Amino acid sequence: MLVRPALREYRTWNTDSRRWAAYQPRAGDIIVATYPKCGTTWIQRIVDLLVFQTTEPRPLDKTSPWIERRIPMSPEEVMASIDAQTHRRALKTHLPLDGLPLYDDVQYIHVGRDGRDAVLSFHNHLSGVKDQILVANDALGLADETIARSYPRVPADPAEYFHKWLCMGAIAGQTDGYQFLSYFELEKSYWSERHRDNIHFVHYKDLKADLESEMRLLAAFLRIKVAEQIWPSLIHAAEFNAMKEQGAELMPGVVGMFNDGKDRFFNKGLDGRWRDIFDPADLATYTSKLAATLPPGCVRWLEGGRRMASPRDFAADGS
């Protein structure tokens, strides 16, 4: 079952990859793996709809828990909650693939998004976090010898945040990803394993362009059969506005962390807003980092999804 153990340890203010050491996989487990604000909750909701095949809004932070998240649950508590689940399990992670154990009978869904859209959404997300969460992150950072400092505060200006995100790392060995991990290195880790038949790639733009097709592709990957007559209701429940309306029920443990509740967590879901916000020099740096870190096929996919990339890009010997 185990192809390889985790190859690297990742620890930030809200992330500790060591928490995965106690994970006991079941055949058919689903892991939703993303950089933050790339469509994580969207895919969690779609997977939930496919597994349960009803539109009832279930709390995703309980049915699809985030294992490496430091708070509010201890490692023992989160593993107990996972082990107690009797339905097909889905788990969430924001770790690079080399920070996870890789199993051949676990299915991994990697969701991508243009980094410029993701970081703008991430700025909105982080700038709305309540003060008590920031203070808790301070304590976590100071207590961890690999961090040993308080949690960096988010600048009010999204352009300033983008500059820091591009030029400052949060962990040793990374030079970008301010407050979190490197977007470029995380995407590289998944792209390098794209040939595996238990790893499925989904892109935010593709979800927006043709939600039904992407949901059907995902159901086929997960080997889940859905009766044709219930597809319309599942697709409607997975639309952004429907999820935003049910945000308090879908993510009760998370939306309470934000000053504006679900309206902050489920923000706009729009792409391309960065064009009028970020500095041209920083945008040039972003493009250079993409080209230096990732192969052209991955760059094409990150910028435009399946419709810009080609099948050759996803082949084991492709670019």
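This note sets out numbered points on a predicted model.

1. Helix α4. This helix covers residues 115-126, twelve in number, and extends 16 Å from its first C-alpha to its last, close to the 16 Å expected at 1.5 Å a residue. Twelve of the twelve residues are buried, so α4 is largely enclosed by the rest of the structure.

2. Helix α9. The helix spans residues 211-222, has twelve residues and reaches 16 Å between its first and last C-alpha atoms, close to the 16 Å expected at 1.5 Å a residue. Its buried residues are Leu-211, Glu-214, Met-215, Leu-218, Ala-219, Phe-221 and Leu-222. Viewed down the axis of α9, these residues fall within an arc of 160°, so they line one face of the helix. An α-helix has 3.6 residues a turn, so residues three or four places apart point the same way. The cover over the buried residues of α9 includes the strands β2 (30-34), β5 (107-112) and β6 (199-203), together with the helices α1 (40-52), α8 (204-209) and α10 (231-237). Arg-223 follows α9 and has a positive phi, near 60°.

3. The nonpolar core. The largest nonpolar core has 91 residues, and those that touch the most other members are Ile-43, Ile-46, Ile-109 and Trp-165. With residues up to four places away in sequence not counted, Ile-109 touches Ile-30, Ile-31, Val-32, Ala-33, Ile-43, Val-47, His-200, Val-202, Leu-218, Phe-221 and Leu-222. Of these contacts, Leu-218, Phe-221 and Leu-222 are also among the buried residues of α9.

4. His-94. This residue is found in the loop between β3 (90-93) and β4 (102-103). His-94 is buried, with a relative accessible area of 6%. A polar atom of the His-94 side chain lies 2.9 Å from the backbone oxygen of Thr-34. Leaving aside neighbours within four places in sequence, His-94 is in contact with Thr-34, Tyr-35, Pro-36, Thr-40, Trp-66, Glu-68, Phe-180, Leu-181 and Leu-186.

5. Asp-48 and Gln-53. Asp-48 is found in helix α1 and counts as buried, at 4% relative accessibility. Not counting residues up to four places away in sequence, Asp-48 touches Gln-53, Glu-56, Arg-58, Leu-60 and Thr-63. Gln-53 has its place in the loop between α1 and α2. Its relative accessibility is 26%, and Gln-53 therefore counts as partly exposed. The phi of Gln-53 is positive, near 55°, in a residue other than glycine.

6. Further backbone geometry. Most residues other than glycine have a negative phi, and most peptide bonds are trans. Gln-179 is not a glycine, yet has a positive phi of about 80°. Gln-179 sits in the loop between α6 (158-167) and α7 (183-191) and counts as buried, at 4% relative accessibility. The peptide bond that joins Ile-71 and Pro-72 is cis, with omega about 5°. Pro-72 is found in the loop between α2 (60-63) and α3 (75-83).

7. Cysteines. How many disulfides does the structure hold? The number is zero. A disulfide is a covalent bond between the sulfur atoms of two cysteines, and here a pair must have its sulfur atoms within 2.5 Å to count as one. For Cys-167, the closest cysteine sulfur is in Cys-38, 19 Å away, which is too far for a bond. Cys-167 counts as partly exposed, at 42% relative accessibility. Cys-298 is likewise in no disulfide, and the nearest cysteine sulfur, that of Cys-38, is 12 Å away. Cys-298 is buried, with a relative accessible area of 1%.

8. Thr-146. This residue lies in the loop between α5 (131-143) and α6. Thr-146 is partly exposed, with a relative accessible area of 46%. The Thr-146 side chain makes a polar contact of 2.7 Å with the side chain of Asp-144. From Thr-146 to Leu-207 the separation is 61 residues in sequence and 37 Å in space, C-alpha to C-alpha.

How values were computed. Residues numbered from 1 in each chain as written. Predicted model: local features only at pLDDT ≥ 70, side-chain atom pairs only at ≥ 80, totals over all residues. Heavy atoms only, no water. Buried < 20%, exposed > 50% of the residue type's maximum accessible area, 1.4 Å probe, protein only. Helix = DSSP H or I, 4+ residues; strand = E, 2+ residues; numbered from the N terminus. Expected span 1.5 Å × (residues − 1). Arc of directions from axis to C-beta. Contact = heavy atoms within 4.5 Å. Core = buried A, V, L, I, M, F, W, Y, C linked by side-chain atoms within 4.5 Å. Polar contact = N/O pair within 3.5 Å; in protein donor to acceptor, adjacent residues only side chain to side chain.
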